[in-house]
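Hi everyone, thanks for coming.

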Amino acid sequence: MLREIRRFDPDLQVVVLTGHGTVASGIEGMQIGAADFLQKPADFDVLCMAVQAAAETTRTRRGVRRGGTS
């Protein structure tokens, strides 16, 4: 699914939250382009920080593509 999301919108940052993750799947997800890879149960504060960072990166990338900074 991550590959399809990245094909559809390469600027969109994706935080993967999984209940069955392994180190290998986490590495693969990051190589494909996941912004972060968290295992359930994820600490709420860690999840919030990951989503906020991903959203900020998405805004920055889209701003750069449009010729601005945001």
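Let me begin with a question: where is Glu56 found? Glu56 sits in helix 3, residues 44-65. Helices here are DSSP runs of H or I with at least four residues, strands are runs of E with at least two, and both are numbered from the N terminus.

A word on the source before we go on. This is a predicted model, in which local features need pLDDT of at least 70 and side-chain atom pairs count only at pLDDT 80 or more, while totals for chains, interfaces and linings use all residues. Residues are numbered from 1 along each chain as its sequence is written, and side-chain values use heavy atoms, with hydrogens and water left out.

Now the overall layout. The protein chain has three helices and two strands, and from the N terminus on they run α-β-α-β-α. Along its principal axes, the C-alpha trace spans about 40 × 25 × 15 Å. Of the 70 residues, 24% count as buried; that means under 20% relative accessible area, with exposed over 50% and partly exposed in between, using a 1.4 Å probe and protein chains only.

Back to helix 3. At its start, a side-chain oxygen of Asp43 reaches to within 3.0 Å of the backbone nitrogen of Asp45. Just after the helix, Gly67 takes a positive phi of about 90°.

Which residues of helix 3 are buried? They are Ala50, Ala54, Thr58 and Gly63, and their cover includes strand 1 and strand 2 (36-39). Glu56, in turn, is partly exposed, because its relative accessible area is 41%. The C-alpha atoms of Glu56 and Gln13 are separated by 9.0 Å, though the two are 43 residues apart along the chain.

Finally, please look at Asp11, in the loop between helix 1 (2-8) and strand 1 (15-18). Is Asp11 buried or exposed? Asp11 is buried, because its relative accessible area is 9%. Leaving out residues up to four places away in sequence, Asp11 touches Thr58, Arg61, Arg62 and Arg65, where contact means heavy atoms within 4.5 Å.

How values were computed:
Polar contact = N/O pair within 3.5 Å; in protein donor to acceptor, adjacent residues only side chain to side chain.
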